[in-house]
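Please keep the sequence and the structure open while reading the points below.

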Amino acid sequence: MTAILTRRSEQVLREPAPGDAEFTYLLQGASTAPDHGRLRPWRWVLLRGEDRDTLGTCLAAEAAAQADDIPGETLREKCRRAPLVAALVFTPCPEHKVPEWEQLAATSCMVHALMLLLHARNYGSIWRTGRLSSSPAARRLLGLADPERLLGSLDIGTPEATALHSRRPLGDVAHHVTRFSAIRSRVADPV
Ligand SMILES: Cc1cc2nc3c(=O)[nH]c(=O)nc-3n(C[C@H](O)[C@H](O)[C@H](O)COP(=O)(O)O)c2cc1C
């Protein structure tokens with residue numbers, strides 16, 4: 001509960017970020033998240049240092065070609081917001097008896113587990129979608145094949161010292177829960 005309640009999506013992230021070996025270790029843990037068929041329908045592409053600028057330049061060139069009014073430097077800056085930009089690629093198994101929506105759900109479970117594991121080691125992260133998740137140019141740059149889909153990135157690093165968050169208060173979720181007997185009493189003859 002402490003890990004769940006003190007985690008935040010961190011906007012400001014600095015060095016250090018986990019190295020490749022530590023990222024892979026944490027991913028081994030996160031990959032135990034519920035996954036119907038154990039398909040692991042995802043992969044990560046890690047970008048650090050100048051690789052992030054290559055991605056930013058790619059997004060900026062695409063925006064300019066589309067006469068988009070977002071300044072290129074803004075897009076390049078966005079790719080430098082964290083020391084580790086982990087691009088998340090959804091790799092669904094087509095025609096599998098486990099439908100694609102379940103594979104996407106399993107991928108989301110894995111991401112949340114990874115965010116919690118990062119947080120438990122005092123790293124911070126934020127899942128960002130934005131332009132990256134719909135960019136054909138980024139797809140090509142990162143080597144996606146059909147039917148792979150870019151789900152944005154998990155930006156990872158260390159939050160500022162001021163980002164030591166208190167536990168969130170537990171929210172009221174009672175209205176998201178219904179007892180079946182309450183529905184049954186309202187429905188005269190369901191069959
Ligand atoms: C699928 C997904 C996509 C997201 N995309 C963005 C994004 O593009 N930009 C952003 O600032 N945050 C993004 N977020 C983070 C949410 O905005 C964030 O989780 C929300 O503000 C709640 O913050 P918290 O995680 O600290 O509770 C995304 C989260 C998810 C799950």
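Arg48 has Leu84 in strand 3 as its bridge partner, and this pair belongs to the account of how strand 3 is joined to other strands in what is a predicted model. Strand 2, residues 42-48, pairs with strand 3 in the antiparallel sense, and 7 bridges hold between them.

**Strand 3 and its partners**
- Strand 3 is also joined to strand 5, residues 149-159, by 6 bridges, and these two strands run antiparallel.
- Strand 3 covers residues 84-90 and is mostly covered, since 5 of its 7 residues are buried.

**The shell around the ligand**
- The residues that surround the ligand are Arg8, Ser9, Ile126, Trp127, Arg128, Thr129, Gly130 and Gly152.
- Strand 4, which spans residues 124-128, gives the most to this shell, contributing 3 residues.
- Sorted by class, the shell holds 4 polar residues, 2 nonpolar residues and 2 charged residues.

**The chain as a whole**
- The protein chain has 7 helices and 5 strands, and from the N terminus on these elements follow the order α-β-α-β-α-α-β-α-β-α-β-α.
- Taken along the principal axes, the C-alpha atoms of the protein chain fill a box of roughly 65 × 45 × 35 Å.
- Of the 191 residues in the protein chain, 26% are buried.
- When contacts between residues at least 6 apart in sequence are considered, 80% of them join residues at least 24 apart.

**The annotated span**
- According to UniProt, in an unreviewed entry, the feature "domain: Nitroreductase" is placed at residues 4-157.

- Arg168 is found in the loop that lies between strand 5 and helix 7, the latter being residues 180-186.
- Arg168 counts as exposed because it has 11 C-beta neighbours inside 10 Å, and the cut-off for an exposed residue is 12 or fewer.
- Arg168 and Arg179 are 11 residues apart along the chain, and their C-alpha atoms are separated by 27 Å.

Methods
Residues numbered from 1 in each chain as written. Predicted model: local features only at pLDDT ≥ 70, side-chain atom pairs only at ≥ 80, totals over all residues. Near = placed C-beta within 6 Å. Helix = DSSP H or I, 4+ residues; strand = E, 2+ residues; numbered from the N terminus. Nonpolar A, V, L, I, M, F, W, Y, C, P; charged D, E, K, R; others polar. Buried ≥ 20, exposed ≤ 12 C-beta atoms within 10 Å, placed from the backbone. Contact = placed C-beta atoms within 7 Å. Pairing = 2+ DSSP bridges. UniProt positions renumbered as here; feature names shortened; annotations may be inferred.
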